[in-house]
Amino acid sequence: WQGEPGHPLKVDAGVLDSLLKALPFTLTQAQERVLRQVLEDLRKLQPMTRLLQGEVGSGKTVIAAIALLIAVANGYQGAFMAPTEILAEQHFRTLQSLFQQFAHPVWESHFFCFYTPANIPKPVGIGLLTGSLSPKEKKDLHLRIANGGVDIMVGTHALIQGEVSFDRLGVVVVDEQHRFGVAQRAALREKGTRPHLLAMTATP
């Protein structure tokens with residue numbers, strides 16, 4: 001996997017600072033250390049393959065959100081896969097909450113939202129794809145994913161179904177990665193051309 005070139009991402013200080021300053025908390029020393037390591041990986045031509053381990057509530061999602069935002073700032077899409085609908089919805093709401101701290105919401109629904117953050121030239125779309133969405137809602141999201149209308153896609157294993165086609169996938173985040181099979185993780189990664197991968201787990 002790492003023998004093939006990937007997509008080095010530029011870490012825009014303005015984008016990063018605007019998010020960090022808007023957070024309602026200060027990153028811990030451990031979060032800052034991990035963030036530096038992740039950002040160093042994203043800058044490399046070699047695709048990132050990193051496992052982030054931390055207890056529930058330790059702030060792994062914030063690191064994931066920053067990595068996804070860096071992808072968007074570079075013109076790429078991000079995918080965030082979770083093993084259950086409840087967890088996927090939780091991550092979707094967390095991303096909404098984080099973006100609301102530093103970006104103006106343009107439009108929101110229960111499965112899609114648009115924001116206009118500073119230092120990014122276009123609105124950022126965040127979507128939620130799960131099995132419980134109606135066929136019409138799924139079709140709408142599939143079209144948005146394929147044409148680049150969704151920048152960050154959160155979902156369950158529905159993200160790896162054949163009808164899901166990303167326009168330009170740059171960063172993949174897999175939460176509770178041990179609950180997915182090797183083939184499932186690979187299937188999401190293969191939705192792009194050697195995207196960066198951040199796998200997360202609360203299980204040592």
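This is a predicted model: local features need pLDDT of at least 70, side-chain atom pairs count only at pLDDT 80 or more; totals for chains, interfaces and linings use all residues.

Residues are numbered from 1 along each chain as its sequence is written, and side-chain values use heavy atoms, with hydrogens and water left out. Helices (H or I, at least four residues) and strands (E, at least two) are DSSP runs, numbered from the N terminus.

Helix H4 covers residues 85-102, and at 1.5 Å a residue its 18 residues should span 26 Å, which agrees with the 26 Å between its end C-alpha atoms; the expected span is 1.5 Å times one less than the number of residues. Several residues of H4 are buried, among them Leu87, His91, Leu95 and Phe102, where buried means under 20% relative accessible area, exposed over 50% and partly exposed in between, with a 1.4 Å probe and protein chains only.

Two packed helices are described by the angle between their axes and the distance between the axes. Axes are lines fitted to C-alpha atoms, for helices over the stretch in contact, and angles run from 0 to 180 degrees between N-to-C directions. Helix H3 (residues 60-73) packs with H4 at an angle of about 65°, their axes being 11 Å apart. H3 is therefore roughly perpendicular to H4, since angles of 65 to 115 degrees count as roughly perpendicular, under 35 as roughly parallel, over 145 as roughly antiparallel and the rest as oblique. Thr61, Ala65 and Leu69 of H3 make the contact with His91, Thr94, Leu95, Leu98, Phe99 and Phe102 of H4, contact meaning heavy atoms within 4.5 Å.

Threonine 61, which is found in H3, is buried, with a relative accessible area of 16%. Not counting residues up to four places away in sequence, threonine 61 touches Phe80, His91 and Thr94.

On H3 there is also a contact with helix H2 (residues 29-42), where the two axes come within 10 Å and cross at roughly 25°, so that H2 and H3 are roughly parallel to each other. Here Gln31, Val34, Leu35, Val38, Leu39 and Leu42 in H2 meet Ile63, Ile66, Ala67 and Ile70 in H3.

Finally, arginine 194 lies in the loop between helix H6 (182-189) and strand E8 (196-201). Its phi is near 50°, a positive value in a residue other than glycine, and at 26% relative accessibility arginine 194 counts as partly exposed.
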